[in-house]
Amino acid sequence: MDFSWREEDELLRDTVRRYATERLAPDYARWETEPFPRERVVELGHLGVLGMLIPPEYGGSGGRYVSFGVAAEEISRADFNVMSFLQLAGITSGLLALGSDDVKKEWLPGVASGDAVVAFALTEPGVGSDAAKLVTTARRDNGDLILSGEKASCTFAGLADACVVFARTGGPGAAGISMVLVPLDRPGVTRQVYDSVGGKLAQRGSLFFDDVRVPAANQLGAEGAGFVGAMKGFDFNRSIIALGCVGTALQSLDETIAYARERTTFGKPLAKHEGVAFPIAEHLALLHATRLVAYEALARADAGLPHTTEAAMAKWLAPKQAAEAIHSCLLFHGWSGYGNDLPFAQRHRDIIGFEIGDGTAEIMKAIIAREAFGREYAAYK
Ligand SMILES: Cc1cc2nc3c(=O)[nH]c(=O)nc-3n(C[C@H](O)[C@H](O)[C@H](O)COP(=O)(O)OP(=O)(O)OC[C@H]3O[C@@H](n4cnc5c(N)ncnc54)[C@H](O)[C@@H]3O)c2cc1C
């Protein structure tokens, strides 16, 4: 199948790379200790990368998934964590689009412009991979929904304005789960930000809902359709995350190739030692293959074709290959690579989060196997 870039994608790559190199890369380490300013999220909105999947009537550009992947890859070359604003805008805008006209009018333009950050809350303290067993509830009361429970490990828990919450409105299992948009300034909402190993910009944490009341019209999609909605969103989003990981790793390899041309040991540049050049060649080959399967998944999504397998392959391979490549880059820089003046250690810590986030390697392999063998052979449905 043809999933080559269009001219518009080349232009987008150049524009986003320029912004990311000038504006994001110099401050990558800064957001380890300082909160990412909200004006910067609005800048991303102006750049046009948050509303790429939002229809023009709601302030977006209604673009293609492939183009969204190009933007994610380029942003991640400069700051992997900023990419999360794209992936969250992408996944939540698709879910908000299932909401009422009022919900769409109120929230989609803000997501596109960067004025509103919407989080995604599926995981709970007791369930992650096995999310269909979630226990947070949303019960009906006089035209409202009342939410109770704790959502764990939410990206942007500390800074989001609203959240798509997956809650039980019916019986057990996936069919009893619905999606509800909850503005996070509602009485009864509290937040706890974790001390994460990496990805500190994302202020990952728990959201607590203590009898939080929202209008029933904030339900997104049909009652009981929440789990299916989440799974549909995951497919393309996994490729976006994969391209983010690939972008960060390719940037690390570019920097390491430049260094290996200059740095000499035993009378010749590192680049002329096969012990250095061959591992770099291997990382380039494996990342290239990973990148292609991620773009293939997105091209299939654009063509309206199934892409669950390709997205799971990309999401399994990308963080693993990227973490291994970045680890090599750190080591090939010797003592200086182990310092925080260079970005390799931070990149490594940041990427590892997505060996877990949005589905672990084991779950990706379970999905690939389920699609290959047939659902009747799946270890779980
Ligand atoms: C950086 C980051 C960002 C995240 N952002 C979000 C977010 O925005 N919103 C959100 O809702 N969640 C988010 N999460 C949570 C994430 O989706 C879950 O952590 C993930 O789905 C795994 O769930 P768990 O941590 O509960 O692990 P568990 O499901 O308890 O699994 C523990 C381990 O057992 C393995 N395992 C589980 N079942 C099987 C099996 N059947 N076969 C083989 N191995 C198995 C897993 O692969 C894992 O290694 C994020 C997590 C991270 C780290």
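Predicted model: local features only at pLDDT ≥ 70, side-chain atom pairs only at ≥ 80, totals over all residues.
**Entry 1: overall form**

I started with the whole chain. I counted eleven helices and ten strands in its secondary structure. I then looked up the radius of gyration, which is 21 Å. The globule rule also gives 21 Å for 381 residues, so the chain is as compact as a globular protein of that length. Along the principal axes, I read a C-alpha trace of about 80 × 50 × 40 Å.

**Entry 2: domains**

I noted three domains for the protein chain. Domain 1 covers 7-116, domain 2 covers 119-223 and domain 3 covers 227-377. I took up domain 1 and domain 3, whose C-alpha centres lie 21 Å apart. Their contact draws 23 residues from domain 1 and 26 residues from domain 3.

Which elements give two or more residues to the domain 1 side? I found helix 3 (65-78) and helix 4 (83-96). Helix 3 gives the most, with nine residues. By class, I have this side of domain 1 down as twelve nonpolar, six polar and five charged residues.

**Entry 3: helix 3 against helix 4**

Both helices had come up at the domain 3 contact, and I checked next how they pack on each other.

I listed the contact residues. Helix 3 puts in Phe68, Ala71, Ala72, Ile75 and Ser76. Helix 4 answers with Met83, Leu86, Gln87 and Gly90. I sorted this set into six nonpolar and three polar residues, with no charged ones.

**Entry 4: helix 4 against helix 5**

I followed helix 4 to its contact with helix 5 (residues 101-113). The angle is about 165°, and the axes are 10 Å apart. That makes helix 4 roughly antiparallel to helix 5. I recorded the crossing as left-handed.

From helix 4, I noted Ala89, Thr92, Ser93 and Leu96 in the contact. From helix 5, I noted Val103, Lys104, Trp107, Leu108 and Val111. By class, the contact of helix 4 with helix 5 has six nonpolar, two polar and one charged residues.

**Entry 5: helix 7 against helix 8**

I then moved to helix 7 (residues 274-302) and helix 8 (residues 308-332). How are these two helices oriented to each other, roughly parallel or roughly antiparallel? I read a packing angle of about 155°, with the axes 9 Å apart. Helix 7 and helix 8 are therefore roughly antiparallel. Helix 7 passes helix 8 in a left-handed crossing.

I wrote out both sides of the contact. Helix 7 supplies Val276, Pro279, His283, Leu286, Leu287, Thr290, Val293, Ala294, Glu296, Ala297 and Arg300. Helix 8 supplies Glu310, Ala311, Met313, Ala314, Leu317, Ala318, Gln321, Glu324, Ala325, Ser328 and Phe332. I classed 14 of the residues as nonpolar, four as polar and four as charged.

**Entry 6: recap**

Helix 4 is roughly antiparallel to helix 5. Helix 7 and helix 8 are roughly antiparallel too. I also flagged helix 4 again, as an element on the side of domain 1 that touches domain 3.

How values were computed. Residues numbered from 1 in each chain as written. Axes fitted to C-alpha atoms, helices over the stretch in contact; angles between N-to-C directions. Helix = DSSP H or I, 4+ residues; strand = E, 2+ residues; numbered from the N terminus. Parallel < 35°, antiparallel > 145°, perpendicular 65-115°, else oblique. Left-handed = near helix turned anticlockwise from the far one by under 90°. Contact = placed C-beta atoms within 7 Å. Nonpolar A, V, L, I, M, F, W, Y, C, P; charged D, E, K, R; others polar. Domains from an automatic or database assignment. Rg over C-alpha atoms; globule rule 2.2 N^0.38 Å.
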